[in-house]
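Here are some worked exercises to go through with the model open beside you. Try each task first, then follow the solution step by step.

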Amino acid sequence: MGFRTFTTSDYSELRRQHNIMVLVGNGFDIQVTRRYQSRFSPRYPAFYHYLASRDFDSSNLVVQQMAAAKENGQENWSDIEAAIGVLIRAEGGWHPAHAVYDATLAIQAAFSEYLELVAPPDLLSRVGKDSAENSLAMHSMADFIGDVAKGTTTFESFAFPKETDHYHLFNYLFVNFNYTPLLDDYIYRDPQQFQPQAHKYADRNFMFRPNPTNFPGGHGNQQTGWSSYVRSEIIHPHGQQSVPRSLLFGIDAPDNLDPGRDPYRQLMKPYWAMNRIEFGHLFLDTRLFIIFGCSIGDSDGWWWRRVYEALNRSNDDGAPLSELIIYWWSPVASPSTREEVLSTFFASLAGEPDKPDRTMVEGRIQVVLYTDEMPPVFLATP
């Protein structure tokens, strides 16, 4: 069993539990810093220029690789983890693992200092204040079905809303791939927007809305709200700003990793985070996955493969055991398509899945396309 299973000894009228895993990437931090017009951005190019401004060691292997990629006009030239990957491959010169690791540790220390500029206390205070006053955390967890109804063309295939009802527990696990606590501050259930027991006698504390935009044929309508329960938890598998030495930079690890003998294990994030042991048990118990602000790149492939495996399972009657929502931002001038986002997701998996499996899994993915002008309710900044 992965998630903790709650019972009526915890919530008196509990009938069913929905485990929801939310994987949040750098896009959220970028969204926040842009919204509050922060001077410093969590983007890698901004960090690179910060290193240059403070005369950081130019002999650092990672910095040298970033500079070479920039000179060659590569699109992701500032991606630290892409640079690490190149350095240990033939095109990067086959640098010894220990040399790349030492360079990465120096980058880790510098990035920790930079994060203090990206997410200072006054920004955290403003994010928390706005979340509390506008009930942003609770709206995100209660009303996100409306994003799927408005932002996709496949809402009719979305099974999750139809399974929800009164007295259900919506159990959220936020996997924060960011090092900053911006998401933690945003999603915190403070007393202004949440009460552990909102009623005099009933212990319900949440109102989940299965069809907030009144989508024709949806489950209920815009007036429907389930008297229910909510809980949330946040984990930082790649480290936290408050613990500088915990920040992980590196590459993905193969599922058949030999952790005792692989010469590059110290550069693999799943190795240091002990993903298989710490998090592997959660996926099979997850009813709904939500990916927000992630580029769905190779360096986090371990997570995307586990999501795919969960999506690739069915009940005896063929109904999905898990579904996925991908929130995908794109500029108005160059909008993305559902097909492009799905291609990005499947490209992140090690090996191309068999076509029959891919076709089935695609039917269990909702892609919410949005822009700055048309933002979603989920994790929105005012």
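## Exercise 1: A strand inside the sheet

Asn-19 stands opposite Asn-171 in S2. Before going on, a note on the model: it is predicted, local features need pLDDT of at least 70, side-chain atom pairs count only at pLDDT 80 or more, and totals for chains, interfaces and linings use all residues. Residues are numbered from 1 along each chain as its sequence is written, and side-chain values use heavy atoms, with hydrogens and water left out.

**Task.** Find which strands S1 is joined to, and by how many bridges.

**Solution.** 
- Step 1: Helices (H or I, at least four residues) and strands (E, at least two) are DSSP runs numbered from the N terminus, and two strands pair if DSSP finds at least two bridges between them.
- Step 2: Look at S2. Strand S2 (residues 168-176) runs parallel to S1, and nine bridges join the two.
- Step 3: Look at S5. Strand S1 (residues 16-24) and strand S5 (residues 288-292) are also parallel, with five bridges between them. Here Val-22 stands opposite Ile-290, and Val-24 has Phe-292 as its bridge partner.
- Step 4: Check burial, where buried means under 20% relative accessible area, exposed over 50%, and partly exposed in between (1.4 Å probe, protein chains only). Eight of the nine residues of S1 are buried, so the strand is largely enclosed by the rest of the structure.

## Exercise 2: Two helices side by side

**Task.** Describe how H4 packs against H5.

**Solution.** 
- Step 1: Take the geometry. Helix H4 (residues 80-87) and helix H5 (residues 97-118) have axes 11 Å apart and pack at an angle of about 170 degrees.
- Step 2: Name the arrangement. This makes H4 roughly antiparallel to H5. Angles under 35 degrees count as roughly parallel, over 145 as roughly antiparallel, 65 to 115 as roughly perpendicular and the rest as oblique.
- Step 3: Find the residues. Ile-80, Ile-84 and Leu-87 of H4 meet Val-100, Thr-104, Ile-107 and Phe-111 of H5.
- Step 4: Class them. The contact has six nonpolar, one polar and no charged residues. Ala, Val, Leu, Ile, Met, Phe, Trp, Tyr, Cys and Pro count as nonpolar, Asp, Glu, Lys and Arg as charged, and the others, Gly among them, as polar.
- Step 5: Look around H4. Seven of its eight residues are buried, so H4 is largely enclosed by the rest of the structure. The cover over these buried residues includes helix H2 (44-53), helix H3 (61-71), H5 and helix H10 (269-273).

## Exercise 3: The largest nonpolar core

**Task.** Which residues touch the most other members of the largest nonpolar core?

**Solution.** 
- Step 1: Define the core. A nonpolar core is a set of buried Ala, Val, Leu, Ile, Met, Phe, Trp, Tyr and Cys residues joined through side-chain atoms within 4.5 Å.
- Step 2: Pick the residues. Among the 43 residues in this core, Phe-144 and Tyr-172 touch the most other members.
- Step 3: Find the main contributor. Helix H7 (residues 136-143) gives the largest share, five residues.
- Step 4: Not counting residues up to four places away in sequence, the contacts of Phe-144 include Phe-160, Tyr-172, Phe-208 and Ile-290.

Definitions and conventions. Axes fitted to C-alpha atoms, helices over the stretch in contact; angles between N-to-C directions. Contact = heavy atoms within 4.5 Å.
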